Each structure stands twice: as structure tokens, then as C-alpha cells.
Amino acid sequence: MPKIIEMPKLSDTMTEGTLAKWTVKEGDKVTTGQTIADVETDKATMEYASPFEGTVLKLIIEPGLKVPLNSPIAVILEEDEEAPANLDELIAKAKAASAPAPKPEKPAAGSGAKKAVSAPGPRLPSAPQPTRRAAAGNARVKASPLAKKIADERGVDLTTLDGSGPGGRIVRADVENAPVGGASGGSRVAATPAIRPTYGPEDERVATSSMRNIIAERLLASKTQIPHFYLQMEVDAGPLMEFRAHLNASNEKSGGNKYTVNDFILKAVIRAAQAQPAINAAWDGDAIVKFKSVGLSVAIAIDDGLVTPVIKQAEKKTLLEISQSVKDLAGKAKNKKLSPDDFAGGTITVSNLGAFGIDQFAAIINPPQAAIVAIGSIRNAPVVNDKGQIVVGQRMWVGLSGDHRVVDGAVAATFLAEMRKLIESPALMLV
């Protein structure tokens with residue numbers, strides 16, 4: 001019996017995947033665990049290993065196409081097995097089996113069926129009438145996983161909503177602004193039409209990747225749903241640079257680890273989060289979640305987007321372990337080897353644009369976390385020393401964007417002050 005390979009679930013929020021590339025061709029022999037394709041999820045492009053051993057009979061999906069989870073993408077024959085005559089029929093059955101169940105139709109008005117809990121209110125004459133999409137059900141509507149989850153919980157019919165996300169995608173805010181049952185349940189808050197660009201035939205319009213879509217969706221949600229506030233502080237980076245140079249010179253002789261400035265920054269963030277645990281938290285509707293452990297999300301730019309893999313239980317790691325963890329995650333990110341587990345458990349994020357020459361910036365919070373730390377470049381600057389003399393110093397801006405529902409300004413200021421103390425006395429990080 002031929003083995004059907006299906007689109008795998010490679011991230012916790014993935015609902016569909018793009019088959020970026022096949023690394024095998026029809027007729028190739030494959031072993032269990034052998035990489036056969038690159039799959040683009042909502043977080044990264046990942047390699048997909050074959051769950052079966054055998055010969056590739058058919059590659060069903062062309063590279064570049066998006067398919068829902070569990071949809072058939074390839075067929076593999078076992079050793080010495082012949083191709084079945086009804087292959088197309090088998091594939092069609094597999095596709096039908098993976099399709100979401102159709103949503104039950106609502107009873108027609110006046111049919112005598114049991115009414116909803118609340119009757120729909122009067123509709124204003126000028127109120128726009130919702131456009132109901134074809135009877136496809138919530139599962140087929142273009143909506144984020146979070147939006148679908150909230151819609152199911154609140155009984156919102158996604159087919160009655162207009163999405164305000166990229167490409168008309170329904171996002172969390174659209175669902176939260178909709179009445180129970182969808183637009184047909186009464187008055188609704190119309191989604192703000194997206195502002196679209198005007199472009200000519202010589203301009204290029206490039207379809208967005210799954211990763212770019214999820215970045216756009218989450219950061220839009222962050223900026224529109226989280227009440228950001230911003231703090232910035234200038235720190236003396238001279239002691240850190242001197243300490244790092246001394247440590248690296250010593251390690252070079254012994255063949256030890258070479259530390260980056262970012263290694264020390266990450267360690268300072270971890271220690272500051274321990275000293276001010278209120279920053280290591282998240283908003284949860286009607287409660288605040290205070291995390292016992294520090295899951296340090298590290299923003300890493302890659303060719304096709306931005307990923308934030310997590311250093312788990314970071315408070316238990318030494319400076320050396322932090323440095324090695326970052327190198328490992330960065331290597332996996334660039335080689336598309338990050339796994340779903342690498343993204344799980346983040347409680348606070350660090351974004352460092354110093355290597356790009358950016359002096360200071362305000363980062364967007366990585367939801368559902370309550371804070372993100374923004375690191376600028378280290379630059380030479382005239383400073384006044386303890387003797388009142390103007391000398392050349394090394395300065396760096398450290399910024400924090402906080403969720404004001406969770407963190408107050410004084411708490412964030414205390415966190416930054418702890419960071420400054422550690423950066424200006426870096427030996428404390430090794431204690």
C-alpha cells in the first residue's frame with residue numbers, strides 16, 4: 001500500500017505550510033528521517049524529514065504552493081512495491097479526508113428552529129450589510145490561528161467579518177470587535193480599510209511569505225492592542241569594552257570562547273530581569289502572568305524575515321553558556337534548522353541593532369511578552385569625567401518598550417538602572 005506523506009505541523013500556530021522546495025525527485029529512494037523538502041511555516045523555513053522509507057512515486061505539490069495541514073504532498077512506495085493503477089483515486093481520497101468538516105448551515109429565519117440566546121438588535125438604515133462569503137466555514141476563512149481560536153470561544157462567525165490584516169486577513173482585533181455570532185448578530189464595528197499603495201507596471205509586487213504575514217499580523221496586533229511606553233537610558237560602555245577585551249585576550253591564549261558585546265548584554269538583561277521580576281511577565285486578559293524562569297527571546301535577522309528563538313531557563317546559564325546558546329541558535333536560524341521548540345517559552349526579548357550602526361530605537365513588543373529591550377551601537381563621545389574634565393568616552397543607548405497594563409514606568413526604570421549597573425561593572429555578571 002503506498003504511503004501518503006502529508007503537510008506536517010511544524011509550529012504550534014501553523015495552519016498551513018508552503019512547500020518551498022523539494023530536495024528529492026520522483027524515483028529517488030529515501031530513508032526514514034532523510035530530508036525531502038523545505039517547508040515554510042508561519043515562523044521559519046524548516047527542513048522536513050521523510051516519515052517513511054521507500055521510493056518517491058509522486059510529488060503532488062509544486063514548490064511555492066501553500067497547502068493546509070495534513071494535506072497529501074507526496075506518495076512513497078515500499079521496496080519492490082508497484083505503483084497502483086488507482087493512484088489518482090487514492091490521492092483524491094486522502095485530500096478529501098484531510099479537508100476540514102463543513103460547517104453546519106444555520107437554520108433559515110422563521111424556520112421554527114430554536115432561536116439564539118439574544119435576538120438581533122435593530123439595524124440602523126445606514127449600517128453596512130455584511131458580505132457573507134461562500135459557505136465554507138470558519139476553517140476556510142483567511143484568518144489568524146488566534147483569531148479562529150477566539151472566534152470559536154466567543155461564537156463569532158468569521159464568514160461575516162472583513163479582515164483588517166494583510167491581504168484582508170482576519171486578526172484578533174476584528175474578532176474582538178465583532179458581536180457574538182458575527183456581524184449578523186447586531187451592530188458591528190467596521191474594520192478600517194487597509195491603505196493600499198499605488199504602483200505602476202514597472203514596479204514589482206512580491207507575494208509575502210508565511211513568515212512575513214505572521215510578522216505583519218503580530219506586530220500590527222502589538223502596536224494596536226498593547227499600550228506601549230518607552231524609556232531610554234545612556235550607559236557608559238567603556239568598562240564593558242575594556243573587560244571584554246581583557247577576557248578575550250586571555251581566552252585567546254588558552255583557546256577559550258570569544259565573547260561578543262551582545263553576550264554581555266544578554267547576561268545583563270537576564271540578571272536585571274531577576275532583580276526586577278515584574279518585568280518578566282505577560283498580560284492575560286484579566287490577570288498578569290509572572291514567569292518564574294527567564295525565557296530570553298533573541299531577535300535574529302535572516303534573509304527572509306526575523307526570528308526570535310529562545311534561550312530557556314536563561315537565569316541558570318553562565319556567560320559562557322549564554323554565548324554558546326546564541327551562537328547555536330544563530331547558526332540554526334541561518335541554516336533553517338530551528339525547530340518549534342526553539343521558539344517556545346519566551347518571556348522577554350532583546351533586539352540589538354548596534355551592529356547596523358543604529359544609535360537608539362524603540363522596539364515593538366513581542367506579544368504576549370510585556371517588555372522588549374532595544375540595544376544601540378557603542379560610539380565614542382565626549383563625556384565629563386569625575387574630575388570635571390571633558391574626555392573621550394564610549395556610550396551606548398539602552399531602550400525598553402513596556403506594556404503599561406503589566407509594567408509601570410518606575411518598574412521599567414529600575415530594570416534599566418540594574419542593566420546600567422551591570423554594564424558599567426561587568427565583573428558583577430560573573431559573580
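**Rings and strands**

Phe-243, Tyr-259 and Phe-264 make up one aromatic cluster. Just so you know, this is a predicted model, where local features need pLDDT of at least 70 and side-chain atom pairs count only at pLDDT 80 or more, while totals for chains, interfaces and linings use all residues. Residues are numbered from 1 along each chain as its sequence is written, and side-chain values use heavy atoms, leaving out hydrogens and water.

Q: Why is the pair of Phe-243 and Phe-264 called edge-to-face?
A: Rings of Phe, Tyr and Trp (its six-membered ring) pair if their centres lie within 6.5 Å, with planes under 30 degrees apart counted as stacked, over 60 as edge-to-face and the rest as tilted. Here the centres are 6.0 Å apart and the planes sit at 85°, so edge-to-face it is. Phe-243 belongs to helix α5 and Phe-264 to helix α6, 21 residues apart. Helices here are DSSP runs of H or I with at least four residues, and strands are runs of E with at least two, numbered from the N terminus.

Q: What makes β9 and β18 a pair?
A: Two strands pair if DSSP finds at least two bridges between them. β9 and β18 have nine, in the antiparallel sense. In one of them, Val-235 has Met-396 as its bridge partner.

Q: Why do β9 and β15 count as edges?
A: The open sheet runs β9-β18-β17-β16-β12-β15. β9 and β15 each have a single partner strand, so one side of each lacks a neighbour in the sheet.
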